[in-house]
Amino acid sequence: MPLHQDAEHDNDHIAGAAKEAMGKITGDTKTRVEVAAEKTAGKVQSNAGDVKDTLRGTTKK
């Protein structure tokens, strides 16, 4: 995965963690559900990227 995509994913992860913390602090169920959905989507994107890298032969070790 190109370095700029790794950086974007790191930024998304940090933003998601902050949003998750706010949902827990405020007890906002809607925010917590949104975070869970975003985490799932992020995992799917990450796995898709890993598959693409594997097919290209450029996996990270």
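Of the 61 residues of the protein, 13% count as buried, where buried means under 20% relative accessible area, exposed means over 50%, and partly exposed covers the range in between (1.4 Å probe, protein chains only). This is a predicted model, in which local features need pLDDT of at least 70 and side-chain atom pairs count only at pLDDT 80 or more, while totals for chains, interfaces and linings use all residues. Residues are numbered from 1 along each chain as its sequence is written, and side-chain values use heavy atoms, with hydrogens and water left out.

The protein exposes about 4900 Å², and carbon and sulfur atoms supply 59% of that area; accessible areas come from the Shrake-Rupley method with a 1.4 Å probe, and for residues only the protein chains shown count as cover. Its secondary structure consists of two helices and zero strands, these being DSSP runs numbered from the N terminus (H or I with at least four residues for helices, E with at least two for strands).

Side chains of opposite charge can pair when their charged atoms come close. A salt bridge is defined here as a side-chain nitrogen of Lys or Arg within 4 Å of a carboxyl oxygen of Asp or Glu, and by this rule the protein has five salt bridges. The table lists three of these pairs.

| Salt bridge | N to O distance |
|---|---|
| Lysine 19 and glutamate 34 | 3.2 Å |
| Glutamate 20 and lysine 39 | 3.0 Å |
| Lysine 30 and glutamate 34 | 3.9 Å |

The salt bridge between lysine 19 and glutamate 34 links distant parts of the chain, since lysine 19 lies in helix α1 (residues 3-26) and glutamate 34 in helix α2 (residues 29-56), 15 residues apart. Both partners count as partly exposed, lysine 19 at 28% relative accessibility and glutamate 34 at 29%.

Glutamate 20 forms a salt bridge with lysine 39, and because glutamate 20 lies in helix α1 and lysine 39 in helix α2, the pair ties together parts that are 19 residues apart in sequence. Glutamate 20 is partly exposed, with a relative accessible area of 23%, and lysine 39 is also partly exposed, at 41%.

Lysine 30 and glutamate 34, which meet in a salt bridge as well, both lie in helix α2, four residues apart, or about one turn of the helix. Lysine 30 is exposed, with a relative accessible area of 58%. A network of salt bridges links Lys19, Lys30, Glu34 and Glu38.
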